[in-house]
Amino acid sequence: LDIVVTIMNVNDNSPVFEQTNLTEVVPEDTKVNATIVAREDLSATDADLDIIYYELTALVPGTDGYFAINGVNNPEIYLAKPLDYEKFHLTTLVLYARDRNVGSPDPIHTATATINIIIEQADTKPPWFLPCTFLNTDNSICISSPYTGRVNISQLSTEPLTLEPGPIYAIDPDYTINEKILYSIVGGDPEQVFSVDADTGNLTMNKAATSPDPYLLQVMATQVNNIQKYSIASVEIKVINKSDHAPYFESRIYNGTVFVGLAPRSFVFQAGNPSSPLMITAVDDDFPDV
């Protein structure tokens, strides 16, 4: 009697990942659809030779949808939408490997692998002049206010000019990169009355201003590593007459009279002369005819 015994394969093994914990550094400017983790680094094996079904989830809130796998049977991870370093710096993904499709009535064995994604900030923003005001909620665009200053006509100042709301200063908003910035005047000064220090941004005078017309300078801040990353700020310099004298009051003491019961904003009258409003006047010897 010949007896043929056939051994039936029973699903008694779980899928196994060769690596259960991976860390990948991903540049912020990585192109959409680029491969982040290759298939061979994530494929699981099953001693029962079952078809393996994969599923990818993100553990960090707000990072869903940025990374995906190429298919239910292909665990290769790719970038699904553009990254933004301002939104998140890292996330953790969990890749599930199952030997049955979800919903199968048969017992399912599952293995997991953890993928830590670190976002590396890229040089994506031009310099910002400070102070500036953000235009959007994600702080990706910051608009600076114009700088203002003044000089005396026909007088050469040897010190850096004092400006409002502060000295000329720009930063690289890609702060983890923090590229060096150079300054230059690119408009508004055809006579080259002013110059700007390329490293510090200090604005100084080359010669005295001879016209009372104001100057509207355009100062450019450029990244050393990439001249296409630049911003321009306006600097208004008013030319005024030099003030040699301080203003002073014509009298050291003024005496006035008020009456009980007067309505608010009523006149205060000169003491001893109730018909003449009290006048307080000052003069400036720089303007003798005013």
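This is a predicted model: local features need pLDDT of at least 70, side-chain atom pairs count only at pLDDT 80 or more; totals for chains, interfaces and linings use all residues.
Residues are numbered from 1 along each chain as its sequence is written, and side-chain values use heavy atoms, with hydrogens and water left out.

Strands here are DSSP runs of E with at least two residues, helices are runs of H or I with at least four, and both are numbered from the N terminus. Two strands count as paired if DSSP finds at least two bridges between them. Strand β7 also pairs with β6 (residues 67-71), again in the antiparallel sense, over four bridges. In that pairing, glycine 71 has asparagine 74 of β7 as its bridge partner. A hairpin of two residues carries the chain from β6 to β7. Strand β7 itself (residues 74-79) is mostly covered, with five of its six residues buried. Buried means under 20% relative accessible area, exposed means over 50%, and partly exposed lies in between (1.4 Å probe, protein chains only).

Now step back to the annotated regions. UniProt, in an unreviewed entry, lists "domain: Cadherin" for residues 18-129 and 145-249. Those positions follow the numbering used here, feature names are shortened, and annotations may be inferred rather than shown by experiment. In the model, residues 18-129 are 0% helix and 46% strand, and the end C-alpha atoms of the span lie 50 Å apart. For residues 145-249 the figures are 0% helix and 45% strand, with 37 Å between the end C-alpha atoms.

Glutamate 18 is worth a look together with threonine 45. Their C-alpha atoms are separated by 8.1 Å, although the two residues are 27 apart along the chain. Threonine 45 sits in strand β4 (residues 44-45) and counts as exposed, at 52% relative accessibility.

What about charged contacts? The structure holds six salt bridges, each being a side-chain nitrogen of Lys or Arg within 4 Å of a carboxyl oxygen of Asp or Glu. Asp50, Arg100 and Asp106 are linked in a network of such bridges. Within it, the side chains of arginine 100 and aspartate 106 meet at 3.9 Å, N to O. Arginine 100 is partly exposed, with a relative accessible area of 21%, and aspartate 106 is also partly exposed, at 42%.

Another bridge joins lysine 125 to aspartate 174, with the closest N and O atoms 4.0 Å apart. Lysine 125 lies in the loop between β9 (110-120) and β10 (128-129), and aspartate 174 in the loop between β14 (170-171) and β15, so the pair ties together parts that are 49 residues apart in sequence. Both lysine 125 and aspartate 174 are buried.

Aspartate 199 and lysine 180 form a further salt bridge, with 3.2 Å between the closest N and O atoms. Aspartate 199 is in the loop between β16 (194-196) and β17 (203-205), and lysine 180 in the loop between β14 and β15, so that distant parts of the chain, 19 residues apart, are linked. Aspartate 199 counts as partly exposed at 48% relative accessibility, as does lysine 180 at 45%.

Finally, visit the start of the chain. Leu1, Ile3, Val5 and Ile7 make a nonpolar surface patch of about 580 Å². Valine 5 is found in the segment before β1 (16-17) and is exposed, with a relative accessible area of 63%. Patches are made of residues with over 30% relative accessible area and no salt bridge, where like charges are joined within 9 Å and nonpolar side chains (Val, Leu, Ile, Met, Phe, Trp, Tyr) within 5 Å. Accessible areas come from the Shrake-Rupley method with a 1.4 Å probe, and for residues only the protein chains shown count as cover.
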